[in-house]
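Me: I have a structure open and would like to learn how to read it. Could you walk me through it, one feature at a time?

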Amino acid sequence: MLIGTAAAAIAGSALGSARAMAVGNSGVSLRWLGVAGWELVFDGRRIVVDPYLSRLPVLDANGGIITDYRLDVRTELVDRYLERRPELLLATHGHYDHLLEIPYLMRRFGGEPRVIGTETHAHLLAAQGVPTDRIIIAQGGEHLDFHGFTVQVVRSLHSQFGSYGYFAPGTLTAAPPRPETISDLLEGGTLGYLVTIADRYSVLFLSGTANFVEREVEGLRPDALVLGMSGHANVFDYTARALRATRPKLLVPSHHDDMVTQLDDPALPEKGFPAAARELADTAKRVGLAATVLDPAVLRWYDL
Ligand SMILES: [Zn+2]
């Protein structure tokens, strides 16, 4: 396909020796880090969304969550799989599988990256030592210019499970004591992000949860939609509403693996749960959307 184009060559050099699979030739490359983590590279620039390489074994034998499981960044795994400095980190919400590694990454890269999150996320990050001048507090509606790309912040919602609720809800208006367990990392509001690269390609990350505010994304028309595909049985017509509201050309599932099998474990499937990509494809057909579905292999680069 188009792997030999100048744009792909530029993206390729930013990726190091990794060879990207060609989906398109926009010069924008995307990599799934497992769970709801994403890395986006273009024009020598780098954004990371919800990194969670640690994949902590927080589930008990019955599949229930061990609510007092102690926070622990597995730094050797983060260092192995996230080698390069992002200039921007995007937090979709405050839960451990989204926010845990952001303070470590910011420390490791000399406090240079910035992070976007809500006021609650800012308090949780500050309580873990992130300098407040590197935190961009957002509530949804912001359209931020990073000169070469923009980020539109979208007010969003957490997934609602069987009880119509979710683990560790809550908000903060002041910095708490240093978070110690996974229950201390509160949801604190949920955000989506539309990243638009130099007027040539856009990716909408509704990737951290399986819910959204329809009116906030209506008419956005991203080139690619990265859509959270964790449990959404109680969210009315979730996938169809997301596709109808945004009408993307490329659909990418997110948050669709077991969250605990380590990335270097040979038992880890190459891709996420197959039902996620299948649901996206079936729904696109049902709503009359001519979109391509990319079912990404974990840690593999794709040229969009
Ligand atoms: Zn969550």
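Predicted model: local features only at pLDDT ≥ 70, side-chain atom pairs only at ≥ 80, totals over all residues.

Me: Thanks. Which strands does helix α7 lie across, and how does it run relative to β12?

Reply: Helix α7 (residues 238-246) lies across β11 (201-206), β12 and β13, and makes about 160° with β12. Helix α8 (residues 274-286) also packs on the sheet, where it touches β12, β13 and β14. Its direction is at about 145° to that of β13.

Me: How should I read the sheet itself? What is the order of its strands?

Reply: In general, strands of a sheet pair through backbone hydrogen bonds, either parallel or antiparallel. Here the open sheet has 7 strands in the order β8-β9-β10-β11-β12-β13-β14, and the pairing is mixed. At the edges stand β8 (143-145) and β14 (292-293); each has a single partner strand, so one side of each lacks a neighbour in the sheet. For a parallel pair, look at β12 (residues 224-228) and β13 (residues 250-254), joined by 5 bridges. Within that pair, Val-226 has Val-252 as its bridge partner.

Me: Now the metal. Which residues coordinate the zinc ion?

Reply: The donors are His-93 (NE2), His-95 (ND1) and His-158 (NE2), at 2.1 to 2.2 Å. Along the sequence, their spacing reads H-x1-H-x62-H. Water is not among the atoms, so a site may look incomplete.

Me: Are His-93 and His-95 buried or exposed?

Reply: The cut-off for buried is under 20% relative accessible area. His-93 has 1%, so it is buried, and His-95, at 4%, counts as buried because it also falls under that limit.

Me: Last one: which residues of the largest nonpolar core touch the most other members?

Reply: In soluble globular proteins, nonpolar side chains tend to be buried together. The largest core here has 69 residues, and those touching the most other members are Leu-40, Ile-116, Phe-149, Val-151, Val-195, Phe-205 and Leu-304. Beyond its sequence neighbours within four places, Leu-304 has contacts including Val-23, Leu-30, Tyr-201, Val-203, Leu-250 and Leu-294. Another core, of 23 residues, lies apart from the largest one; Leu-194, Leu-204, Met-229 and Leu-289 are among its members.

Definitions and conventions
Residues numbered from 1 in each chain as written. Heavy atoms only, no water. Core = buried A, V, L, I, M, F, W, Y, C linked by side-chain atoms within 4.5 Å. Buried < 20%, exposed > 50% of the residue type's maximum accessible area, 1.4 Å probe, protein only. Contact = heavy atoms within 4.5 Å. Donors = N, O, S within 2.8 Å, 3.2 Å for Na, K, Ca; no water. Pairing = 2+ DSSP bridges. Helix = DSSP H or I, 4+ residues; strand = E, 2+ residues; numbered from the N terminus. Axes fitted to C-alpha atoms, helices over the stretch in contact; angles between N-to-C directions.
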